[in-house]
Amino acid sequence: MNYNRWYDKYPNLKKLLILLESVDDYNIEIIAQDFLQIIMSKYQEKFDIFIQNMSHNVLPGYNRWYDKNYNLHTCIEFLKVLDDVEKEDLINSFILSIMSFITNVDNE
């Protein structure tokens, strides 16, 4: 079955999510925390409003693989509130973060 997901129209995000899906829970948490730091440094005001709205509009269930980690879920959901330019900028920042993470893991 072929699904059209909101992030399918963003090739870099789709690739990033495919990569992240194969990462173990421990490392996903580290990556998600780094993503949160990136969001807060770039979009603090929007993120504060987003978190406030998110707490009032809690989803009834979590069905996607990335929903299992609340921090990662929050990061991915935050992308939805950004315009396309901001979204691409943040996705690229996430990709750079992943590349740095992979480099650091390989060097250890």
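Trainee: Hello! Looking at this structure, what makes K87 count as buried?

Mentor: First, a friendly reminder that this is a predicted model. K87 has a relative accessibility of 5%, and buried means under 20%, so K87 counts as buried.

Trainee: And D84, why is that residue called partly exposed?

Mentor: Its relative accessibility is 44%. Buried would need a value under 20% and exposed a value over 50%, so D84, at 44%, falls in between and is called partly exposed.

Trainee: Which salt bridges share partners, and which residues do they join into one network?

Mentor: The network is made of R64, D67, E77 and K80.

Trainee: How do you know that the side chains of K87 and D84 meet in a salt bridge?

Mentor: The N to O distance is 4.0 Å. K87 and D84 both lie in helix 4, residues 84-107, and are three residues apart, about one turn of the helix.

Trainee: What makes D67 and R64 a salt bridge?

Mentor: Their closest N and O atoms are 3.0 Å apart, and the cut-off is 4 Å, so the pair qualifies. D67 is buried at 5% relative accessibility, whereas R64 is partly exposed at 28%.

Trainee: R64 also meets E77. Why can we say that this pair ties together parts of the protein that are apart in sequence?

Mentor: The E77 and R64 side chains form a salt bridge at 3.1 Å, N to O. E77 lies in helix 3, while R64 is in the loop between helix 2 (25-56) and helix 3, so the pair joins parts that are 13 residues apart in sequence. E77 is also buried, because its relative accessible area is 12%, under the 20% limit. In total, the structure holds eight salt bridges.

Trainee: How many aromatic pairs are there?

Mentor: There are eight aromatic pairs. One of them is formed by Y43 and F78.

Trainee: Why is the pair of Y43 and F78 called tilted?

Mentor: The ring centres are 6.1 Å apart, with 55° between the planes. Ring centres must lie within 6.5 Å to pair, and planes under 30 degrees apart are stacked while those over 60 are edge-to-face, so an angle of 55° leaves the label tilted. This pair links distant parts of the chain, with Y43 in helix 2 and F78 in helix 3, 35 residues apart. Both Y43 and F78 are buried. Ring pairs also bring Y43, F47, F50 and F78 into a cluster.

Trainee: Let's turn to T74. Is T74 buried or exposed, and how do you know?

Mentor: T74 has a relative accessible area of 3%, and the limit for buried is under 20%, so T74 is buried. Its place is in helix 3, residues 70-79. Apart from neighbours within four places in sequence, T74 touches L36, F47, F50, I51 and M54.

Trainee: What about S93: how do you know whether to call it buried or exposed?

Mentor: S93 lies in helix 4. Its relative accessibility is 13%, which is under 20%, so S93 counts as buried. Beyond neighbours within four places in sequence, S93 is in contact with I38 and K42. S93 and K42 are 51 residues apart along the chain, yet their C-alpha atoms are separated by 9.8 Å.

Trainee: How do helix 1 and helix 4 cross?

Mentor: The axes of helix 1, residues 11-21, and helix 4 come within 10 Å and cross at roughly 35°. The crossing is left-handed. In helix 1, the residues that meet helix 4 are N12, L13, L16, L19 and L20. Their partners in helix 4 include I91, F94, I95 and I98.

Trainee: To step back, what pattern does the protein follow along the sequence?

Mentor: The pattern is α-α-α-α, with four helices and zero strands. Of the 108 residues, 35% are buried. Among contacts between residues at least 6 apart in sequence, 66% join residues at least 24 apart. The accessible surface is about 7,100 Å², and carbon and sulfur atoms account for 53% of that.

How values were computed: Residues numbered from 1 in each chain as written. Predicted model: local features only at pLDDT ≥ 70, side-chain atom pairs only at ≥ 80, totals over all residues. Heavy atoms only, no water. Helix = DSSP H or I, 4+ residues; strand = E, 2+ residues; numbered from the N terminus. Buried < 20%, exposed > 50% of the residue type's maximum accessible area, 1.4 Å probe, protein only. Contact = heavy atoms within 4.5 Å. Areas by Shrake-Rupley, 256 points an atom, 1.4 Å probe, with all protein chains shown as cover. Phe/Tyr/Trp six-rings, centres within 6.5 Å; stacked < 30°, edge-to-face > 60°. Axes fitted to C-alpha atoms, helices over the stretch in contact; angles between N-to-C directions. Left-handed = near helix turned anticlockwise from the far one by under 90°.
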